[in-house]
Amino acid sequence: MTGFVKVGNVPEVIGWRAAVVAAFDVQGRVLMQLRDDMPHVAGAGRWSMFGGAVEEGEDLLTAARREFQEETGISLAAHELMPWAVLPASKRADGALFIHRCTRLIDPSEISLGEGAGFGFLTRGQVARFDVIPQMQQMLAQLCV
């Protein structure tokens, strides 16, 4: 977990991992995905960052880049992502969400939504008021200035 700041009660032994990308626009708003409202979807109907499960044989960085490209249509270079935070997963007691901060500013016109009910760039105030997955809400409040 080198380079990742722990936020919340991250399990000591991690059995499941997700790689997530925290991306921002020129106004400092965070890119969020409105999750599909279906029973099998983690965080169904809530706002979250783009990302997903790390597949067999994948490292965190590769998974973050793959998930972001699949879900937004944007291909990120490895040097555009840096380890940022690790959070407990909500659906699995042994799970953790590894957040990578994107150093490239994203423009809404670049996004071709591949997954989810929608997306938006949210201000800090909106993150606090919207139905954002709680551990991401906590992380953004703690780490964003």
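Is Gln33 buried or exposed? I looked up its relative accessibility: at 1%, Gln33 counts as buried. Buried means under 20% relative accessible area, exposed over 50%, partly exposed in between, with a 1.4 Å probe and protein chains only.

Ground rules first. I am reading a predicted model, where local features need pLDDT of at least 70, side-chain atom pairs count only at pLDDT 80 or more, and totals for chains, interfaces and linings use all residues. Residues are numbered from 1 along each chain as its sequence is written, and side-chain values use heavy atoms, without hydrogens and water.

I checked confidence next. The chain averages a pLDDT (the predictor's confidence in each residue, from 0 to 100) of 93. I noted that 99% of the residues score at least 70.

Then I placed the residue. Gln33 sits in strand β3, residues 30–34. Strands here are DSSP runs of E, at least two residues, numbered from the N terminus.

I followed the sheet. It is open, has three strands in the order β4-β3-β8, and pairs antiparallel. β4 (47–48) and β8 (118–122) are the edge strands; each has a single partner, so one side of each lacks a neighbour in the sheet. Two bridges join β3 to β4; pairing requires at least two bridges found by DSSP. The partner of Gln33 in β4 is Ser48.

Last, the side chain. I found a polar contact from Gln33 to the side chain of Arg35 at 3.2 Å. The Gln33 side chain also reaches the backbone oxygen of Glu115 at 2.9 Å. A polar contact is a pair of N or O atoms within 3.5 Å; within protein, one must be able to donate a hydrogen and the other to accept it, and residues adjacent in sequence count only if both atoms are side-chain atoms.

Key:
Helix = DSSP H or I, 4+ residues; strand = E, 2+ residues; numbered from the N terminus.
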